[in-house]
Amino acid sequence: MPSFVPTAPAHGGASPAAQAGPYEWLATIAVHDPGRLLLETACGRRLSYADMEQSARRLSEALLARSVAPGDRVLAQVDKSPEAMALYLACLRIGAVFVPLNTAYTAAEIDYFLADAGPRIAIVSPGRVDDLRPLAGRAGVQHIETLGTHGDGSLITLADALAVPAEQNPPRGAIPAAATTG
């Protein structure tokens, strides 16, 4: 299996990929070695660098649709999963601040973090949304979404709704075949 590891250029110093942040590093590997295994879960689910980059990109589009902008805080109380990793990378991709909360925090602790962090959006595991809603309302959180561990949750549903098939989203400057003559 081919391997791509960002290395220092011959002239010294770090390579552009090595100087970049974690999302850029992931995206670089996803382009150069898309099938390279990034992680395998305990239940045998395997994700490549390209899979994770695509997930992070899709979640970043969902965050943007919820008006998350660079510098905004994204509070997340979700279980450890590839989806949680993709959410972190999505935040990096758009310049948002990822605020992870321990899943064992009590309502009082969550209330404190909501008030202190002032997140634009709060994302919780699907089973916790009813507990979060009154706390988030008090803190003025604009959006509440859910993110599960098996490709489920309202944030995934939003990302799916925003996804446009490649054939319906040609590169800029491309002329649709129906618009040509000849």
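Modeller: Happy to! Let's start with L114, which is found in helix α5, residues 107–117. Keep in mind that this is a predicted model. L114 has a relative accessibility of 0%, and buried means under 20%, so L114 counts as buried.

What does L114 touch? Leaving aside neighbours within four places in sequence, L114 is in contact with L75, P119, A122, L132, L135, A136, A139 and V141. Sequence and space can tell their own stories here: L114 and G137 are 23 residues apart in sequence, and their C-alpha atoms are 9.7 Å apart in space.

Now let's look at the helices. Helix α5 packs against helix α6, residues 129–139, with an angle of about 30° and 9 Å between the axes. Angles under 35 degrees count as roughly parallel, so α5 is roughly parallel to α6. The crossing of α5 past α6 is right-handed. On the α5 side, the contact is made by A107, I110, D111, L114 and A115. From α6 come L132, L135, A136, R138 and A139. Sorted by type, the residues of this contact are 8 nonpolar, 2 charged and no polar.

Finally, let's step back to the cores. The largest nonpolar core has 32 residues, and L59, L63, V74, L87 and I123 touch the most other members. Helix α4 gives this core its largest share, 7 residues. There is also a second, separate core of 12 residues, and its members include L75, V99, A122 and L132.

Terms used: Residues are numbered from 1 along each chain as its sequence is written. This is a predicted model: local features need pLDDT of at least 70, side-chain atom pairs count only at pLDDT 80 or more; totals for chains, interfaces and linings use all residues. Side-chain values use heavy atoms; hydrogens and water are left out. A nonpolar core is a set of buried Ala, Val, Leu, Ile, Met, Phe, Trp, Tyr and Cys residues joined through side-chain atoms within 4.5 Å. Buried means under 20% relative accessible area, exposed over 50%, partly exposed in between (1.4 Å probe, protein chains only). Helices (H or I, at least four residues) and strands (E, at least two) are DSSP runs, numbered from the N terminus. Contact means heavy atoms within 4.5 Å. Axes are lines fitted to C-alpha atoms, for helices over the stretch in contact, and angles run from 0 to 180 degrees between N-to-C directions. Angles under 35 degrees count as roughly parallel, over 145 as roughly antiparallel, 65 to 115 as roughly perpendicular and the rest as oblique. A crossing is left-handed if the near helix is turned anticlockwise from the far one by less than a right angle, and right-handed if clockwise. Ala, Val, Leu, Ile, Met, Phe, Trp, Tyr, Cys and Pro count as nonpolar, Asp, Glu, Lys and Arg as charged, and the others, Gly among them, as polar.
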